[in-house]
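Please examine the sequence and the model together before reading the explanation.

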Amino acid sequence: NYSQSKSDYKTPPELIKKALNIIYPAACFSLDTCCSDTDFPASHHYINGKIDGLKANWMFFNWCNPPFNECSKWTKKAYEEQQKGMEAHRR
């Protein structure tokens with residue numbers, strides 16, 4: 001049950017499984033960029049309050065389920081990180 005009283009909801013497990021199966025069936029994300037705990041299938045986690053995913057560098061294969069009230073910040077960061085990866089790929 002979702003409401004506007006919260007800004008952070010965990011991604012439903014069935015959606016995570018679907019995302020991983022689309023990319024690669026046995027895959028694991030390299031990094032969860034903004035999580036509240038480590039129950040998400042990623043090798044590394046930027047846990048809220050310990051590492052600021054808006055300031056830290058991201059990895060190659062990232063998952064980002066940002067707080068709803070900060071979506072624009074996270075979308076901008078995702079775009080910037082993608083551009084850095086594209087630039088590194090061009091070298």
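The model is predicted, so local features need pLDDT of at least 70 and side-chain atom pairs count only at pLDDT 80 or more, while totals for chains, interfaces and linings use all residues. Residues are numbered from 1 along each chain as its sequence is written, and side-chain values use heavy atoms, with hydrogens and water left out.

An open sheet is formed by 3 strands in the order 2-1-3, with parallel pairing. Strand 2 (42-47) and strand 3 (62-63) are at the edges with a single partner strand each, so one side of each has no neighbour in the sheet. Helices (H or I, at least four residues) and strands (E, at least two) are DSSP runs numbered from the N terminus; two strands pair if DSSP finds at least two bridges between them. Strand 1 (residues 29-35) is joined to strand 2 by 4 bridges in the parallel sense. Within this pairing, Leu31 lies opposite His44 of strand 2.

Strand 1 also contains Ser30. Ser30 counts as buried because its relative accessibility is 18%; buried means under 20% relative accessible area, exposed over 50%, and partly exposed in between (1.4 Å probe, protein chains only). Leaving aside residues up to four places away in sequence, Ser30 touches Ala42, Ser43, His44, Met59, Phe60 and Phe61, where contact means heavy atoms within 4.5 Å.

A pair of aromatic rings is described by the distance of the centres and the angle of the planes. Rings of Phe, Tyr and Trp (its six-membered ring) pair if their centres lie within 6.5 Å; planes under 30 degrees apart count as stacked, over 60 as edge-to-face and the rest as tilted. The structure has 3 aromatic pairs. In one of them, the ring centres of Phe29 and Phe61 are 4.6 Å apart and the planes are at 20 degrees, so the pair is stacked. This pair links distant parts of the chain, 32 residues apart: Phe29 belongs to strand 1 and Phe61 to the loop between strand 2 and strand 3. Phe29 is buried at 4% relative accessibility, and Phe61 is buried with a relative accessible area of 18%.

Trp58 and Trp74 form another stacked aromatic pair, with 6.3 Å from centre to centre and 20 degrees between the planes. Here too distant parts of the chain are linked, 16 residues apart, with Trp58 in the loop between strand 2 and strand 3 and Trp74 in helix 2 (residues 71-90). Trp58 is buried at a relative accessible area of 11%, and Trp74 is buried at 5% relative accessibility. Finally, Phe29, Phe61 and Trp63 make up one aromatic cluster.
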